[in-house]
Amino acid sequence: MADTEKLVEQLVSKHGKTRNSLLPVLQGVVQEEHFLSDTAMIAIAKALNLSSADVYGTASFYTFLETEPRGENIIRVCKTITCKMKGKQRVIEAIENHLKIKEGETSRNKKFTLLAANCLGWCHKGPVMLVNDDVYPHVDPDQIVNILDKYC
Amino acid sequence: MVSKKLQRVDFIFDCAGCEPIEVVKKALKMTREEVVSSIIESGLKGRGGAGFPTGMKWKFAKDEVADTKYVICNADEGEPGTFKDREILDVVPNKVLSGMAICAYAIGSKEGIIYLRGEYNFLLKKLNAQIDEFNNSLSKIGLDFAVSIRSGSGAYICGEETALFESMEGRRGEPRNKPPFPTKSGYNGKPTVINNVETLVYTAMIINMGVDEFKAVGTMDSRGSKVFSVSGDTPKAGIHELELGLNVADFVEEFGDGDTKAVQVGGASGHCVPRKLFKETIIGFEGIPTGGSMMIFNSTRSMFNVLNDYLEFFAEESCGQCTPCRIGTQQLIKGIEHVKKGQMPSEYLDQLIKLTETMKIASKCGLGQSVANSFSSIVTNFREEMIY
């Protein structure tokens, strides 16, 4: 059995073989494989007795359930108003310059994907970015290299 | 309307002598009816923004006869400018859990779930440890109730209660038609009380301090205090628990930067208050209610950009299920851009306001319905900034 199918099997046995488990299972696959491949979604559909269109339809609705290949680490920079006021554009540019990618792209070594995000809930400490689940409030563009080095 | 003077309140973060499990024990000494009537009598309204009377919600769920009932804590806080629930869950999670346990006792529920937005996943480890400890404490005091946690996946719409149920049931987070209301048919079709994080803490505070002390704060329409998330052009950005019922002028005097042009009360889905209306605008249910977001803008800010930002947010976060919201948000963005570029006359803004009114009537849920608030308040009060 392929690794992806094994992973799905493990996740389904952990969360239960019901439709209510669909999101936790999708989240578990993204955590391990960084995105939801067709193989993963077909395996999930089979395990939960759903159609693969149903699984894809649900997965594609949620921002954090990536259906396109992504880097090992996902950087999300908050683009909402107060972070914009506090200089989110300079943060994005610093990341783009360092990783040699544009917003929405993945670095050549597949280590990072840079995304803009809607409100991350740190409006008093903008600009803010998430790297995976780690929060960086008041992020200074000059700190970007040091921060990202931690994930290499 | 008379403004309350700015008063800091420390019910939530600095409450001495309110050990959460002791508060649950206090509730268990009361009858279920007494718990519900205390919350009704307190006048507490939901702190997520909609302001439904919390006690009535509990009463409806209590009166339902069902084998299973749920208590759900809505921690899918996504309104731009709002970050109070994150702070509450980070600093005083046990008080949220005690509110859930008190609700469970009152309505007869054995299962509670916290739906935590995906952006707050960094809280999961700590929260899970707190939940395990709390569940153990509950079983020791004989309350058959346990809380678990579910993580969201980055969809603003899932803060809408029925969209949240859909998400928990493994579907796209699209709002359901109401009725039936959640207290009759919520998560898994069972009677469900779904309360915001802050609301649940206040229920525990009310049981702890007593109804009279809670009612002594705030106004007739807006009882108690409120946790505000203050951001934007302010030297005091952060969390502040204040008495409800003060006017925007007093708020700005305390939190503004001396050059405040406008305050957006209630986040992107709230109202924008210009300087000329600061004094007459009360922050509370008799004026402008808010889930907590207070964004301050000084005179250097372009209100066109602010509005455009809000509209982009709504357009991206619309679930797409109903046409007025899905298409309306896109048309508003194009519309203000056309006016700004001089491709449409300024009168076109009035047509766009009419479009938001249609969206308010025809949209299925609060997202499409509330676009009119920020749109019409910004366009009306800062019309000259919308025009080329």
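Trainee: Among contacts in chain A between residues at least 6 apart in sequence, what share joins residues at least 24 apart?

Mentor: In this predicted model, chain A reads along its sequence as α-α-α-α-β-α-α-β-β-β-α, a pattern made of 7 helices and 4 strands. Taking the contacts of chain A between residues at least 6 apart, the share that joins residues at least 24 apart is 58%.

Trainee: What part of chain A is buried?

Mentor: The C-alpha atoms of chain A fill a box of roughly 50 × 30 × 25 Å along the principal axes, and the accessible surface of the chain comes to about 7200 Å², with 46% of that belonging to carbon and sulfur atoms. A residue counts as buried when its relative accessible area is under 20%, and of the 152 residues in chain A the buried ones make up 55%.

Trainee: How much area is buried between chain A and chain B?

Mentor: The size of an interface is often given as the accessible area lost when the parts come together. Here the contact takes 31 residues from chain A and 48 residues from chain B. Carbon and sulfur atoms give 54% of the buried area, whose total is about 3100 Å².

Trainee: Which residue of chain B forms a salt bridge with A:Lys84?

Mentor: Between the two chains there are 22 residue pairs in polar contact, and the rule finds 2 salt bridges across the interface. Helix 5 (81-85) of chain A is one of the helices that each supply at least two residues to the side touching chain B. With the closest N and O atoms 2.5 Å apart, the salt-bridge partner of A:Lys84 is B:Asp309.

Definitions and conventions. Residues numbered from 1 in each chain as written. Chains lettered and ligands numbered in written order. Predicted model: local features only at pLDDT ≥ 70, side-chain atom pairs only at ≥ 80, totals over all residues. Heavy atoms only, no water. Contact = heavy atoms within 4.5 Å. Buried area = accessible area lost by both parts, 1.4 Å probe. Salt bridge = Lys/Arg side-chain N within 4 Å of Asp/Glu carboxyl O. Polar contact = N/O pair within 3.5 Å; in protein donor to acceptor, adjacent residues only side chain to side chain. Buried < 20%, exposed > 50% of the residue type's maximum accessible area, 1.4 Å probe, protein only. Areas by Shrake-Rupley, 256 points an atom, 1.4 Å probe, with all protein chains shown as cover.
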